[in-house]
Amino acid sequence: MSILERFIEGWKKYRKPGYYDEFDYHWAMTIDLDQCTGCEACVTACQAENNLPIVGEKAFAEGREVKWIRIERYWEGEYPDIKLRFIPMLCQHCDAAPCETVCPVSATYHNQDGLNTQIYNRCIGTRSCAVYCPYEVRYFNFNDHHWDSPLEQQLNPDVTVREKGVMEKCTFCIQRIRQAKDDAKDDGRRRVRDGEVQPACVQTCPTQALVFGDRKDPESQVSKSLNNPRAYRVLEELNTDPSVVYLKKVDAKG
Amino acid sequence: MEPETNDPQYADIHRDVVRSIVETGPKYYAALATAIGVTLLCFFFPWFYQLYYGLGAAGVNHPQVWGTYLASFIFWIGLSHSGTLLSCVLHLSNSAWRKAMYRSAEAMTLFSLMVAATFVLVHLGRPWFIHWALPYPNQMEMWPNFRSPLLFDVMAIGTYLTGSSIFIYMGSIPDFAAVRDRTTGWRNTMYTLLSLGWRGTDTEWHRLHWAYTFLAVLIIPLAVSVHSIVSWDFALSIVPALHQTIFAPYFVVGAIFSGTAGIVTVMFVLRKYMEGFDQYITKVHFDNLGKLLLVLSLIWTYINVLELFTGWYSGTSTEYEALNYKLFGYYAPLYWEMILFCAVAPLLCISKRFRTSFVPMLILSIAVNIGMYTERFLIVGTSLSRQYLPDAWGVYVPSLVELSIILGSFALFVTLFLVFVKIFPSISMYEVKETMVIPAAEPVVPKEGSPT
């Protein structure tokens, strides 16, 4: 095919209405705050699965910890009448992500599975994506990290260890999604079945507050969960169109 | 008060300017050595340490991932603004008082742009991949992201740097020729090359004038667009207090404001330390620049008030919080310092006596630039520390490495400027002559060819 033909082909494809919302899979997550106990098992699981660095006490105090999923804690009311609220916060994989437009080198982009991906190799470290992200879930590697022996033995070989000067964030455990898709292909199946792939946080959650799946499949657990009347999305007024949906906590009266 | 000096003659200009290039005193060498030393020690050494260690050497953290490097970048871009822009506007409006100062003003543009470009490198996490932000065909078949305001930035600054380099170079050609005719040795060779065989014929003058005016017209919209684009780095985000339509004019006015103050500083220094320059840089220049400072300060203040108003009028809690934090939060002392230096102090320029006194104007110009640096720091600092999710709020204090690099960047600028005054005729000789009374006896015929 000549360059011109290829260009015309590509142009037509990109001009197709709705092209940008047309995904092979549309991975989504629901978080039931009524079931969440704030135990931070997901935080630990993520740390183990994705080779997150342990930055140490000093860097933690400086605000340089890396937690792809964190439990945000809010106090409500004054002392006798006080309530503790918490909400797990991770990359929302927005379909209209502000971070994607700002990266000058396209190191972060939306892939065909509806995931907001981060390409560590391409990142030049402008950190503008972290500024543009309203959820503050992007983490920067302020320096190289090292794992004291024998801790380096427990690094996940499916996941890159990021070098200094690179931005990173929750990937919905893309390595597991890839694996599941490959397995599905090898089995001669076309699509990944519901429940076949789970990110580390979902797998670990003791109360099963986290549900992960393909939003395009109407029968999947996550699609059913999305129709829950308690469903809401954080900072929805910003029109970022997040893929993570929270189910509101039901307060006991009194 | 200095008395008005005797009107200089044509020959005096050549003598003074060529002398400033050829004769180099020990003071100059001492200044140059100091500047280079400070640049190496305070700019490059900490930067290399940061490259080795990672950006953790700076004070940046989450959520304050942008720090003083970006503030310095905007500051230096801003400082670059007045030079070429002012020179172009004044050229087109035929203002005679421009002529003595425009060469150094344009040089300021060029060098502050270079320092700003260096700050982009300092700011990046992995600066060795900066070329990925340039659109060039490559084996990865990857283009940069054309939707990114940061890419607009790269384009804008590249264009502006190219445009203003050509502008200053083209305006200097007749002066290079004049210096060529009065020097010997390697300098003669260098200026022969630089002057591109200028002979001073009518056709050449005609073409120079035409091309110069053409470039001047071209550069004005460019200068305005550059800082507008820099402002979009911020305004295109959805961060409260940054997501504002006023940002482009705000940045442009701020840039011209700090640039004008910068020119006052540079002119004071040139006048003081370059022998004979006090005849050409006079009270008239300080008076006019003072008026300009006053006007710009008023516009700047207006936009600041407008910014507060927009935040209040939005009626959203996030904007309120950002506003409240800016006025009364952790960085509030800096905010009020900025108001004092940039909105209140320049009001002194109402008095003509103030505008025509050199030392007070110098102090004011430095104060304005300190205030403007603070403004840039606050834009980055206050808004990032108060974003949507209160759990991710935080404060940021620059580290020693950052402070040292800021200091070093001034030394870098001074180094470049010191090299400049020995290579470029720092006053435009041919244009200063245009403002003089034509001598009765000898009509000026431009010399032909080089004497050797």
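**Entry 1: helices 5 and 6 of chain B**

I began with the crossing of helix 5 of chain B and helix 6 of chain B, which is left-handed (the near helix is turned anticlockwise from the far one by less than a right angle; clockwise would be right-handed). I note that this is a predicted model, in which local features need pLDDT of at least 70 and side-chain atom pairs count only at pLDDT 80 or more, while totals for chains, interfaces and linings use all residues. Residues are numbered from 1 along each chain as its sequence is written, and chains are lettered from A and ligands numbered from 1 in the order in which they are written.

Helices here are DSSP runs of H or I with at least four residues, and strands are runs of E with at least two, numbered from the N terminus. I found that the axes of helix 5 of chain B and helix 6 (residues 185-194) of chain B come within 8 Å and cross at roughly 155 degrees (axes are lines fitted to C-alpha atoms, for helices over the stretch in contact, and angles run from 0 to 180 degrees between N-to-C directions). That angle is why helix 5 of chain B is roughly antiparallel to helix 6 of chain B (over 145 degrees; under 35 is roughly parallel, 65 to 115 roughly perpendicular and the rest oblique).

I looked up the contact (C-beta atoms, placed from the backbone, within 7 Å), and helix 5 of chain B gives Phe176(B), Val179(B) and Arg180(B) to it, while helix 6 of chain B gives Asn188(B), Tyr191(B), Thr192(B) and Leu194(B).

**Entry 2: helices 2 and 14 of chain B**

I then turned to helix 2 (residues 26-53) of chain B and helix 14 (residues 400-423) of chain B, which pack at an angle of about 140 degrees with their axes 7 Å apart. Helix 2 of chain B is therefore oblique to helix 14 of chain B, and this crossing is left-handed.

**Entry 3: a sheet in chain A**

In chain A I found an open sheet of 4 strands in the order 8-1-10-9, with mixed pairing (two strands pair if DSSP finds at least two bridges between them). Strand 8 (210-214) and strand 9 (231-232) of chain A each have a single partner strand, so one side of each is left without a neighbour in the sheet. Strand 9 of chain A pairs with strand 10 (residues 244-247) of chain A in the antiparallel sense over 2 bridges, and Tyr232(A) stands opposite Tyr246(A) in strand 10 of chain A.

**Entry 4: where the chains touch**

Technical notes:
Contact = placed C-beta atoms within 7 Å.
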